[in-house]
Structures are given as structure tokens and as C-alpha cells.
Amino acid sequence: MPQSTSSTTLAPAHAADAPATTPALGFSTLEHELSADELELHGALPAWLSGSLLRTGPAKFELGEKRMRHWFDGLAMLHRFTISGGQVSYGNRFLESRSYRAAHERGHMVYGEFATDPCRSLFSRVQTLFSGGALPDNANINVTRLGKRFIAMTETPLPVQFDPRTLKAAEVRPYAAPGQLSTAHPHADRASGAMLNYAAKLGPRSSYRFFEVSAGADRGRPAAARVIGSLPVREPAYMHSFGLTDRWLVLAEFPLVVNPLALALSGRPYIENYRWKPQRGTRFTLVDRATGKALKGFQSGACFAFHHVNAYEDGGEVVVDMCAYPDAGIVEDLYLERLRAGKAISPAALTRFRLRLADRSVSSERLADGDIELPRINYGRCNERPYRYVWGNGAGPSGWLERIVKVDTSGESTRSWSEPGCYPGEPVFVARPEAEREDDGALLSVVLDAAARSSFLLVLDAANLGELARARVPHHIPFGFHGMFTSVVASATPAEHE
Ligand SMILES: [Fe+2]
């Protein structure tokens, strides 16, 4: 069937100035929403591969007169690639969050973002932060599943539920995290399917709180969040994710910290209130999943990370792997002005920390020579357990992410995929049913083809990174952060569900 579009032109908006083969196009607005029944496909999809890749990411970087300043600020757009019967369909839609609706209706920015703020009074800032009354919900970081519900997430406590077929947002909030800040990288409890996450509760007395949300059926109202454990903290650290083992929730506090009062009073955008204090080092805390009790006192040298990769228990040690930077300069690197100018981003190193329970000592080692970000593992099989493989993105000559890499943590060689002028996003691993090997499956990555001014879904063999197929979208897809694959949504005709 031919592609159907909701727009008469497919030329990307605000992208005319992007040079032909640089990644700059990936940081430009995409206005078009479309529904394509069948994408142009090259190669052959694995016969066993059936389901949908759901992704979120920033897609609109201007609101009225205001230009977003940071990659994390853009208004969220959802993308769906559905693989069924050897074909790929596609749909994209702005996430109709409170932030989006307010901006759309009023024509200007209403809620603050990561590094861009609307003009607001001091009273409004304090009220927003300490009451939680008007926090943004521009869920442009990750997509996950909570029981039967699909939700998009950002780092505020307000996830947005959506229909995975139509990508329309639901009216009801799935839950609210118990704090003002949270992560878009929850874990799932293996036994119950419940969501595990952390939130920072800010105020005169601030605390970190790990919490759990049941995967129970959607009853048309927000689910309750149960606090597992709470830790008092004076200056909360910026934490984008956390680790999980059979027994422990693993918190890594990097020395990028904020004074909660300053956050409310400074008048600066959110992230610009954080301060780098390397003398604090990196502090690890283990919180018992059953009792909520904390084991503190693990300290290592200063570093920074967005992404934990995996964690597990190994005798008397807890192993914590993450994509680590020597400092928090990567936050600065991701300002749009720098990215569009082609400045290189700092490289992250796959780093293993070993937390020894007996004496609370911490050792660390680098697991691979090359850089890696946006890491994925065979989560269903390996999270909380010893594992071998990490897939992610590595930088190339442009200074931006140009490669898909597969790292063997046992030390064997790293494999990679790349193509000139192409910029792949996070590679999502999908295990082959009946697979015996950890790396038996497919990798799905959305790739920007700068010269063609469009993007395609790339399907690789996860074991050797050989290309299996690609399905081209008739527009560029701005670089996104994270997504998920679900076999539940293998049929995606919107009419069936509207
Ligand atoms: Fe992330």
C-alpha cells in the first residue's frame, strides 16, 4: 500500500541550513506528523521479528520567540515502527502533554525545561518547585511499559500515558512520583512487573526516595507509588538512572549537586543551578529492596554518568557498570548551539565499579577501549545478573555519535557498524524467541541519513552487526534518546483503535 501522509509537504521545517552530511539536521525541528502504512524496505526482516519499536525524543526546538537551548529541551514526539508480516509501518505524533498543549494553545513556552525557562516570577518558581504544582511533563526521554500501560517519561514526576498504536496521549496520569525530580530510566521487578524508580523530594529537608508502582490494571485513575526507602540529603546529585541487583537498588551520587533553595530562588534554568564539586567524589549507596535500609559509605573518585548499564552481585561485591565521564562536561556539550556547530562531545567509557561489602571499598576498571553511550543490554535475560554484551553508540570523526557498537565485557574485540554521513540512535536489542545465546537477536536503530535528509529504521543482526534490513521514512527524525520494543503492538492500524 502507498504511504499516506497528513501533510502536503515532507520538507523538514527549520532544517534548511543544515550542511549536507553533518549531524546538524538531527537537531532541527520536525513539524510533520504522518502515518505510513508501508515504508520502502531494503533487505529482509527476520521472520520471527514482529512488534513495535516505540521511541520518544525532542522534535520541536522553537516556541514563539523562544529557542530551546539544550538537546534535552525540545518538545517530545513519539515515533512508532511496527514490523508485521515482513513489512514496516510508521507513525509519529507530538506527545500531547500538558507542556505541549499549553505551548500549542498559547503560542509560547509556559513550563520550564532542562536548560530553558519561560519568564516567570520568583513566586512562581518557588511554588512550582516546592509544591510540584506546575512542573513540566514534556516526556521526551524514554518510553516504557507498566503492566498494560505504555508511558513516556522525563525527569519530572509526571509521566504521560499514551496509546501505542495511535500515539495519542491519555487523559489520566498513570502515577505521580513522590518528589519533584525523578528518572526516565525505571527498572522492572522480575517477579511482579512493578516499576522501580527513584525520586528526589526537595524542600527545607530533602531526601532521595526509591519507590515502586504496581503493574496492576489501569482502573482509570493514577496508581499509587509506594516508597521503599528514603535517604536524607542536603544537596541532591543529578542522577539520570540507577542500578538494580537481586537484593539492592544502587544509587551513584556524582558530584554534580544542587542546593534546593538555590534551585527555587536563582532564576536560572534547572540544570544551571547544579555545581560540580569533585572533592565530594562519587558516592554509592545500596538500598535493600526488601527492607528499604541503606548501606552507605562507598566512595570513589569524581566522575559523571547518565547511564547505568547493569549491576549484579558477585560474592561479597556488588558490580556496577556505567558509561562514565571524568567530569560533567557532557552536560555542557549537549547545548544545541554547540551541537549544531559541530563541536565534538566528550567520550564515555564503559566502566565497572566493584563495591566491596566487607570494607566498603570501591575499585574501578575500564571494560573497553572505545567510547559508548546510549547503552542497551539483553535486559530480560541479563539485568541484575552477570552478562557479556553491551550495545550502544560510539562517536566518529564528526564528533557526534556515528557508530553502533557491540562491546564484549569479557574483553574480546568490539564490533561496530557505521556508514558515511549516517548517524544512528540508540540500538534496541530484541531477543529471538527460543534464543540460547545472549546476543541472539536483532538490533533496531533509527538512523539519520544526512545527505538524503531523511531517516531509516536499521535492523542489524545483534551478534555480528551485519545489516538485515532498512526501512526509510520520508522525513528526518530528530535525534531521540530512548525507546522500547514490544511484541504486543504488532498490528497498528489507527482506525481500529479510534
Ligand atoms: Fe537516558
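Author: Quick ground rule: buried means under 20% relative accessible area, exposed over 50%, and partly exposed in between, with a 1.4 Å probe and protein chains only. This is a predicted model, where local features need pLDDT of at least 70, side-chain atom pairs count only at pLDDT 80 or more, and totals for chains, interfaces and linings use all residues. Residues are numbered from 1 along each chain as its sequence is written, and side-chain values use heavy atoms, leaving out hydrogens and water.

Reader: OK, which residues coordinate the iron ion?

Author: Donors here are N, O and S atoms within 2.8 Å of the metal (3.2 Å for Na, K and Ca), and sites may look incomplete as water is not among the atoms. At 2.1 Å, the NE2 atoms that coordinate the iron ion belong to His185, His240, His307 and His482.

Reader: What is the arrangement of the four donor atoms around the iron ion?

Author: Four donors count as tetrahedral if all angles lie between 85 and 135 degrees, or as square planar (six as octahedral) if opposite donors are over 155 degrees apart and all others between 65 and 115; anything else is irregular. Here the angles run from 92 to 158 degrees, so the arrangement is irregular.

Reader: Are His185 and His307 buried or exposed?

Author: Go back to the accessible-area cut-off: buried is under 20%. Both His185 and His307 are buried.

Reader: Which cysteine sulfur is nearest to that of Cys323?

Author: A disulfide takes two cysteine sulfur atoms within 2.5 Å, and the structure holds zero of them. Cys323 is in no disulfide: 11 Å away lies the nearest cysteine sulfur, that of Cys303.

Reader: And what is the relative accessible area of Cys323?

Author: Cys422, for one, is buried at 2%. Cys323 is buried too, with a relative accessible area of 0%.
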